[in-house]
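Biologist: Please take one part of this model and look at it closely. I would like the strands first, then whatever surrounds them.

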Amino acid sequence: MKTTDISAPDYFHKVVDCQWACPAHTPVPEYIRLIAAGRYSDAYMVNWHSNVFPGILGRTCDRPCEPACRRGRVEKEPVAICRLKRVAADFKDDIRSRLPKPAAQKNGKRIALVGGGPASLAVARDLAPMGYDCVVFDQDPQSGGMMRTQIPKFRLPESVLDEECQYILNLGIEFIGGKRIDSMKALLAENFDAIFVGCGAPRGRDLDIPGRQEAKEHIHIGIDWLSSVSFGHINSIGKHVVVLGGGNTAMDCCRSSRRLGGEEVKVVVRSGFEEMKASPWEKEDAMHEDIPIFNFLVPKEFTHEDGKLTGVLFEKVKAEYDAKGRRKLIPTGEPDERFPCDDVLVAVGQENAFPWIERDCGIEFDKWDMPKVDPKTMASTHAKVFFGGDAAFGPKNIIWAVAHGHDAAISIDRLCRGEDINVRPPPQVAVSSQKMGIHEWSYDNEITLDKRYRVPHREKILALRDIKAEVELGYDVELALKEADRCLNCDVQTVFTGQLCIECDACVDICPMDCITFTQNGEEADLRSRLQAPAKTLTQDLYVANDLKTGRVMVKDEDVCLHCGLCAERCPTGAWDMQKYLIDMTLAEQACQSKA
Amino acid sequence: MTYVVKPKFHHPELPKNELGYTHRDYEGAVSTLCAGCGHDSITASIIEACFELSVEPHRVAKISGIGCSSKTPTYFLGNSHGFNSVHGRMPSVLTGANLANRDLIYLGVSGDGDSASIGFGQFAHALRRGVNMVYIVENNGVYGLTKGQFSATADRGSKSKRGVTNTDNAIDMVGIALQIGASFVARSFSGDKKQLTPLIKAAIEHQGAAFIDVISPCVAFNNHAGSTKSFDYVREHNEAVNFLDFMSDRMPITVDYAPGTVEMVEQHDGTILALRKLNAEYDVHDREAAMSFLHQYAAKGQIVTGLLYVAQESEDLHGHLNTVETPLNALSAKELCPGSAALEKINASLR
């Protein structure tokens, strides 16, 4: 194998699994250490810099970081990264003085942002302090987009949402609420220097089966219904409710129903339980609220009497997989099953809809009627128009919207400066040895064996009584510190210098995870089979270093390294060192300077 | 000093032996020796050997004297019996224990100070008597605990860390062991576990006095230019005569070797050692030839390693003394005191 180039920023970035998996590349171990040190405000600012909405994401993020967490490969469950983010937000001091100030001098460039959700707000946050005039348009009177209209208050209190949206709007951004943009041509005619489209995926998919029209009064589209609940237009539902769909929207629908009078609420899903799109913890929370989930049932008909919905009829199916591994739902032939109910909530997916973008205005659409968007620059085929969030590639989640926002902000800034938007700024990397003494490191390298701590919940009876009562109470300080201690500090890297090594094997002998091997070099597949312990996780790199006197190579399997630093502690020559690799994605310029 | 406890987590794919243990289960406390000490590698080799042999930890007695080397039994086999004895007295304590209970595996761990100076006599007599044991000398050529004076195994002409030349002759422990009748004699290097671990396994299976001299560089006081026990010197002057692929009788021999390159050596208990010959002329059963071979190579400054001698037929102390099969400590009062009639008979035989 070729020796590893550890100076390439991506190499050590990949070792920090959580950060690598985060679309916004939040430096997770760094903020967890700050939490452990009781520096909640600092932890918050690290987050705010990367992901813009720490308090919101700390409650609602889809957490791509957690399945990636190394701890999950070492023991059963990953570190509760998401809920620790909330800890930073919950326990921080007033951080307003640390936020960037509105630009003292505008740079004369005007940016229009369509939609006031996370993507647009992220773009505005990055650009406004640099002097850009940002104008945000939203059909709703308040900012926040789907974070406000679709996420129930019992998961995300309004105060948290308001606070973090306000941090951004306070940067001198013009928010025009209640104004729906209905012509791209007209918007283009207003001569903005750039236009960012972050209007989400606002159309809930309908279910066109018999009875839909006849019983329409009691059949609601999930996201529209949630939005009406959010704005207080709806505050009750029938006693018996069937929710169709297996995604997070379905989970929010059923749990909201339970709080608005739904006594018997069922979720019915076409697919199996495991394949449901909803996050496992959201399914868990729904079931905890006495909401059963029925699987492998395909809705066939809405039954009705005298124009009133009486129930839903389902066909029973089973999953079969063809040679290519594609799933097919095959009727089992058993008799259909009918669930009587008063109301149905349809949450079977949502779509993008751009009726307001004239197809001849210079923005090309693909065969799925989605705009053609460059995933790196977020640029459309129109030089001045950028997309982000759900509007760009269909429904994802908030953290992706933020990541898109950062990328679009860089593109818009470069466009306005007349630079090539395809040239992207490299990430900022800071390296520092953590050695303080023979056995002392400036990070806590003692590995706790503690299992993941559960976040305390509000008592069920109380939680179901009030749709605004937040269910999760968040970690208290004691739990937060214990959970933070579970982090393995994967950003404190094991750095090896071959010239210093005397090949005494001390590191090999002490390594608790059998990560390190000194051996003859070979092809990767061959090397992986010859190590101290088998290296079967192919997505995890082998760190190969040479310059050894015997001509052998040092091979370290990064897979389950605990970053405990024992290799460096037992190394007599300092050939191993523990170095903190802070990797920060470069944002549009000014936002970087405002970093805490 | 703050030492981190070695985390209990282990690699999820770690192999298990017949007893269901991983090699981590054969560890002891974390080493307090200097970082990089060769002794820690020997500890790792002992752990690996016991793991691979599926040794039950409660069947092992690890006995040592005084010195850096003699601290190491704390760092392996945390669930075995142990006795940290007086300086140089490991062999006599071990002999006593072995006489009392012949059923245990005896690991005697010592150093060049413990065995070539203060305990030189003990070392010689334990081997001479054929005590069934593994006698490991962790040989670094210096007194590490007292900061680097030459030990009795330091080669004449080698230099101390401060540049002083050693003017005394060295004791070659392997030479002595061969001369006084050890039935298994090997030498290895802490920096070469591939060679050392099979040797330890074979020594454990060997019935009789098995002696292994392990050159183990002292990183703090004897790993400089001018030392003949440094990592670099040993690597450059290592003359391995063979390489041992240990095989027990339980495993069929499936490896194909080119004819003439491998010798199958059957041990007393039926285990088979596959010796890969690196030096075609070297005869592992010829004690005298081995001694002269060692002398020739020592004169050239070469360090001969590998399995140097194994007796065709070995017998241990219990065999010499004709003791009963039952360990002495398991004999009951009835067996130990057969009554006045039996005493009368013995007395009569002596008249």
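Modeller: A residue counts as buried if 20 or more other C-beta atoms lie within 10 Å of its own. By that cut-off, strand β20 of chain A, residues 492-496, is mostly covered, with four of its five residues buried. Bear in mind that this is a predicted model.

β20(A) has a partner. Five bridges join β20(A) to strand β24, residues 576-584 of chain A, and the two run antiparallel. One facing pair can be named: Gln493(A) stands opposite Gln579(A) in β24(A). Strands of a sheet pair through backbone hydrogen bonds, either parallel or antiparallel.

Next comes an open sheet. Three strands of chain A build it in the order β21-β23-β22, with antiparallel pairing. The edges belong to β21 (516-519) and β22 (542-545) of chain A; each has a single partner strand, so one side of each is left without a neighbour in the sheet. On average, neighbouring strands of this sheet are turned by 20° against each other, direction ignored. What joins β22(A) to β23(A), residues 553-557? Four bridges do, in the antiparallel sense. Across this pairing, Tyr543(A) stands opposite Lys556(A) in β23(A).

Now the contact with chain B. Here 32 residues of chain A are in contact with 26 residues of chain B. Two helices of chain A, α20 (506-510) and α22 (566-570), each supply at least two residues of the side that touches chain B. By class, that side of chain A has 18 nonpolar, three polar and 11 charged residues.

Further back in the chain is helix α17 of chain A, residues 398-416. Its 19 residues reach 26 Å from first C-alpha to last, close to the 27 Å expected at 1.5 Å a residue. α17(A) is mostly covered too: 16 of its 19 residues are buried. Just after α17(A), Gly418(A) takes a positive phi of about 80°.

Last, the domains. The assignment for chain A gives domain 1 as 110-202 + 352-416 and domain 2 as 204-349. The C-alpha centres of domain 1 and domain 2 of chain A lie 31 Å apart. Six residues of domain 1 of chain A are in contact with nine residues of domain 2 of chain A. On the domain 1 side of chain A, the residues touching domain 2 are three nonpolar, two polar and one charged.

Definitions and conventions:
Residues are numbered from 1 along each chain as its sequence is written. Chains are lettered from A and ligands numbered from 1 in the order in which they are written. This is a predicted model: local features need pLDDT of at least 70, side-chain atom pairs count only at pLDDT 80 or more; totals for chains, interfaces and linings use all residues. Two strands pair if DSSP finds at least two bridges between them. Axes are lines fitted to C-alpha atoms, for helices over the stretch in contact, and angles run from 0 to 180 degrees between N-to-C directions. The expected span of a helix is 1.5 Å times one less than its number of residues. A residue is buried if 20 or more other C-beta atoms lie within 10 Å of its own, exposed if 12 or fewer, and partly exposed in between; C-beta atoms are placed from the backbone. Domain bounds come from an automatic or database domain assignment. Two residues are in contact if their C-beta atoms, placed from the backbone, lie within 7 Å. Ala, Val, Leu, Ile, Met, Phe, Trp, Tyr, Cys and Pro count as nonpolar, Asp, Glu, Lys and Arg as charged, and the others, Gly among them, as polar.
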